[in-house]
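Dear colleague,

I am passing on the structure we spoke about, and below it you will find notes on what turned up in it. Please read them with the structure open beside you.

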Amino acid sequence: MHTALYIFSSILIIISFIPLIRNDYWTFRIFEYPRLQKLVLTALSLALLLIFSNKTLTFYIYVTLLSGTILYLLKQIIPFTPLGKKQILRVRQEIPDQTISIMISNVFEDNTNYKGCIAEIKKTDADLVLLLETSHEWMEQLKEATDAYPYRIEKPIDNTYGMLLYSKLELKESEVKFLVEDDIPSIHTKVILRNGQVIQLYAVHPTPPVPGENPRSTERDKELLLIADKALASKIPVIVCGDLNDVAWSYTTELFLKTSQLLDPRRGRFFLNTFHAHHFFMRFPLDHIFCSTDFKLKKMKRLNNFDSDHFPILTVLQYEKSADAEQEDNTLDLDQEDRELAEEKKEKC
């Protein structure tokens, strides 16, 4: 039993620190995802060692290593709990004509529970509805709900990367672009709030680093950083949303936030895990919304699942120009090493 515990502990230590190796191959990137799970299992392993192992030199070495691993994981997790610093402030006074509500849902293309999705769209009644993994069949089946939205950008594709955007707010200068891969779209559009304020919206769904699809994170990372450059260059407020196929705490997401100078409403609040909807112990925050300092947060919550592998989420933001001064210190600094890494990733493919 002692040997099994030491082997188990060794595996946990390795997979906790292996993401520090800046390699795009999936075997390095995939272990960024289960950070909370690693913390729970490492704490359990430490407890079992303390209870059952003989107090040998090996025991003390592993207790030290496991304790250090727990502290490292806690440092990574705390920013996504109420103990962390909030990047986006809460709305203090509601201004209805300056709010925007966005529902994001990866429907899972093989899912056929169209009625469940329709019910959730109708119940949520969001200003914008972004639907991902949407095929031509999904687009047709959802018309009962989406016909209520006068503005739309529809790019159904039968490859699990179709994208549909429906809006009650006016859309302008709308484009569907293929930034990195010819069959992976992103939506770029301006949204007009009810008070006339124009904001820039980018909807994305890059490919994940998984065997059988993309063994490396190169394409995903490049697309995210190209969007980050566009967000940074924008002269108007920006929102980036979608299924990023990356967790909120990965070094790529951190690099994206540093490059774009956008903020993450999860920070200082919660994980808001969205995937996998059917396996409670293996859930990660893969669906995101990031915004510039011009916004405050009114609401962000997970919605009911309708047989997809992702939970939908609803985010309600309020445009407040005065938020600049209050929130500017919450953006992340981009140092020279980060710049070099970002440029290297954008040059790949």
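The lining of the largest pocket divides into 10 nonpolar, two polar and 10 charged residues, where Ala, Val, Leu, Ile, Met, Phe, Trp, Tyr, Cys and Pro count as nonpolar, Asp, Glu, Lys and Arg as charged, and the others, Gly among them, as polar. This is a predicted model, in which local features need pLDDT of at least 70 and side-chain atom pairs count only at pLDDT 80 or more, while totals for chains, interfaces and linings use all residues. Residues are numbered from 1 along each chain as its sequence is written, and side-chain values use heavy atoms, with hydrogens and water left out.

A pocket here is an open set of points on a 1 Å grid over the protein atoms alone, where a 1.4 Å probe fits and protein lies on both sides within 12 Å along at least five of seven lines; lining residues have an atom within 4 Å of a point. The largest pocket holds about 570 Å³ of space, the volume being that filled by probe spheres set on the points, which are joined across faces, edges and corners. Of its 22 lining residues, Arg-22, Gln-76, Trp-249, Tyr-251 and Glu-254 lie nearest the centre. Helix α9 (251-260) is among the elements that each supply at least two lining residues, and α9 gives the most, with four; helices are DSSP runs of H or I, at least four residues long, numbered from the N terminus.

The second largest pocket, with about 380 Å³ of space, has a lining of 11 nonpolar, five polar and four charged residues.

With regards
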